[in-house]
Amino acid sequence: MTSPDQIFVSAKEWLVALFPAALQPMVGALVSIAAIVAVYPAIFALTTVVERKLLARFQNRPGPNRVGIPFTKIRLAGFGQFAADGIKSLTKEDIVPRDADRVVHFAAPIVLVVPALLALSVLPVGRNMAALDLRETGLLFFFAIGASTELSVFMAGWSSRNKYSLLGAMRGIAQMLAYEIPLILSSIPVVMIAGSLSLVSIAERQSAVQWGVFHSWHVFTPWGLAGFLLFLVAACAESNRTPFDLPEAESELVAGYFTEYSGFKFALFFLGEYLGLFAVAGVATTLFLGGWNAPFTFLDWIPSWMWFFGKLGSLVLFSVWLRATLPRLRVDQLMDVAWKYLLPMSLANLVVAGLWHFTAAWPAALRWPLSLALLAAPHLLLGRGFQKRFGPRVYRYAADPRPAPANPAA
Amino acid sequence: MLGQGIAKGLLQTARNLVATYVDKDRLPTIEYPEERQKLPEATRQFPFLVHDGDDPSKGLRCVACQICEKECPPKCIYIVKSKDKRVDYKGQTQFYPAVFDIDVSVCMSCQICVEVCPFEAIKMDTAFEFSTPDRFGALLLDKHRLAKSAAHYREIHPADAAESDAVMAAESAKAEAKAKGDAEAKAKAAAAKLAAVPNVSPEAQLPPPNSGSDSPTMPM
């Protein structure tokens with residue numbers, strides 16, 4: 001009997017051993033692919049319902065609670081909703097605008113979903129559980145694949161031949177390019193400290209024990225904490241989540257770059273967005289939150305894959321919480337955050353990570369305050385400039401030249 | 001400091017999230033088919049025909065005077081007056097509506113029919129669940145579907161019903177008094193006639209000197 005920690009690993013080994021040796025590598029790959037294609041869309045289905053229910057609660061509504069098993073009174077608290085939504089989007093008419101570029105219009109949602117699934121394949125979801133362990137290039141592969149979603153956004157916006165689609169796509173490109181840089185720069189400290197681009201070895205490295213009972217998650221260091229927060233902001237923007245959902249701002253752009261999509265293609269965009277969110281949440285987990293490691297050594301008996309998916313789910317729930325809290329940024333504010341705050345902060349964080357590496361022999365009482373001060377100073381300085389920028393907008397050129405009306409009360 | 005506002009906002013929304021599970025007032029949704037809000041007393045949807053007693057076919061107050069049909073702004077009422085007369089709930093002989101239809105898909109709930117009705121026969125109902133797959137037939141309410149008892153009216157609009165009942169009571173008292181007066185006048189006239197039998201021809205041309213009414217066969 002294998003431990004619950006390795007149950008999926010041994011199940012795969014058993015399944016692969018049933019085939020002749022020549023076929024075994026291919027069967028192994030197919031099993032991993034099947035697992036990824038089954039698990040993440042299942043989480044997506046669950047997320048759509050949970051997100052809607054939670055958002056509703058944040059807004060003092062009960063949320064979807066009707067759809068259950070058809071022809072019965074069983075309601076499952078609304079968790080049948082995703083099946084109803086799926087059937088609806090499958091059976092809806094697939095409309096392609098007359099003037100659209102049909103081929104590109106068709107390809108765009110696929111170009112979004114496939115890289116998202118590829119990016120998920122490098123994540124170590126548990127001990128010995130990475131579908132694809134790229135020892136030399138893991139993280140690089142992830143970012144390279146993640147960047148190709150920009151192509152899909154632009155394909156969708158351009159091929160639709162619709163002004164809202166194109167505006168949404170332009171915004172999407174500008175936003176994703178701007179936030180790609182802080183996203184990568186904020187994860188570089190991890191690579192510097194771990195000395196490896198492999199996500200598997202980065203996760204393994206964090207199982208070392210520090211302070212007696214803690215696993216040494218990177219987030220428990222000054223550069224790790226700052227890097228995690230910066231990564232979280234950039235990841236939110238990269239996956240087009242509120243408050244960075246400008247490419248699909250309903251109030252301005254109908255539905256942004258997928259305005260002209262309906263039926264199953266729309267569902268694919270939806271799926272692709274959430275897979276992208278899972279991918280960045282999974283990478284944030286692996287880089288900063290200890291991957292599949294438990295926080296405390298006495299919790300090691302809980303299977304590693306549960307820890308990974310638990311952390312991933314928590315990050316997704318946190319993004320729902322953010323969505324319920326923050327209003328959308330303006331385009332100029334969006335660019336300000338990326339170039340005037342996140343970029344300098346992530347550069348400062350690189351310096352702190354270097355300092356942390358070279359001061360390993362120093363006492364913690366000196367190392368910690370120094371690192372935190374090096375992070376807090378630029379944060380405060382950069383933040384002072386933002387206080388003004390994030391207030392109400394003053395239209396200098398559109399001032400009303402007429403005299404102000406006399407106060408009737410006076 | 002940058003980020004303070006975000007933390008504050010997150011705390012605020014989290015508090016809201018938790019409150020919806022703890023505090024009933026923070027989740028004010030009334031889940032409609034199972035739970036219902038108590039409708040305000042002034043609620044009105046579509047008219048209905050009031051009947052007294054238990055049998056709507058006998059107790060209908062409507063006498064098919066067709067005032068409501070003429071006054072209805074969107075012309076959603078259709079009445080066919082009966083050929084015969086029958087004895088109504090008051091014991092008076094009246095016409096009755098052979099057909100009384102209201103097309104609720106046309107009705108605009110203006111309540112003018114209620115205001116013009118001299119017989120307290122048509123009132124506004126509070127029923128609003130008329131959804132149906134049949135656009136035409138099911139939304140054309142005939143007199144059987146429109147007839148509802150006076151008890152129902154008292155239940156849905158107690159204050160208005162009390163007022164309406166008072167009007168009805170006053171009217172029937174008036175009618176009773178008049179009937180009594182008429183009967184007395186008749187008796188008096190008969191007595192006078194009897195006394196003046198020998199010279200009937202000159203007296204018969206003139207009305208009785210101080211009778212309460214001008215004609216004993218007047219309705220009501």
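Two strands count as paired if DSSP finds at least two bridges between them. Keep that cut-off at hand for these exercises, which use a predicted model.

**Exercise 1.** Work out how strand 2 and strand 5 of chain B are joined, and where strand 2 stands in its sheet.

*Solution.* 
- Step 1: Count the bridges. Strand 2 of chain B is joined to strand 5 (residues 97-103) of chain B by five bridges. The cut-off for a pair is at least two, so these strands pair, and they run antiparallel.
- Step 2: Pick out a facing position. Across from Tyr78(B) we find Asp101(B), in strand 5 of chain B.
- Step 3: The open sheet has three strands in the order 2-5-7 (chain B), with antiparallel pairing.
- Step 4: Look at the edges. Strand 2 (77-81) and strand 7 (140-141) of chain B each have a single partner strand, so each has one side without a neighbour in the sheet.

**Exercise 2.** Describe the sheet of chain B with the strand order 6-1-8.

*Solution.* 
- Step 1: Start with the layout. This is an open sheet of three strands, and its pairing is mixed.
- Step 2: Find the edges. They are strand 6 (122-124) and strand 8 (147-149) of chain B; each has a single partner strand, so one side of each lacks a neighbour in the sheet.
- Step 3: Examine one pairing. Strand 1 (residues 47-51) and strand 6 of chain B run antiparallel and are joined by three bridges. Leu49(B) has Ile122(B), in strand 6 of chain B, as its bridge partner.

**Exercise 3.** Characterise chain B as a whole, from its secondary structure to its surface.

*Solution.* 
- Step 1: List the elements: chain B has eight helices and eight strands.
- Step 2: Check burial. Of the 220 residues in chain B, 31% are buried.
- Step 3: Turn to contacts. Among those in chain B with a separation of 6 or more, 69% link residues 24 or more positions apart.
- Step 4: Chain B has an accessible surface of about 14,300 Å², and carbon and sulfur atoms hold 59% of it.

Conventions
Residues are numbered from 1 along each chain as its sequence is written. Chains are lettered from A and ligands numbered from 1 in the order in which they are written. This is a predicted model: local features need pLDDT of at least 70, side-chain atom pairs count only at pLDDT 80 or more; totals for chains, interfaces and linings use all residues. Side-chain values use heavy atoms; hydrogens and water are left out. Helices (H or I, at least four residues) and strands (E, at least two) are DSSP runs, numbered from the N terminus. Buried means under 20% relative accessible area, exposed over 50%, partly exposed in between (1.4 Å probe, protein chains only). Contact means heavy atoms within 4.5 Å. Accessible areas come from the Shrake-Rupley method with a 1.4 Å probe; for residues, only the protein chains shown count as cover.
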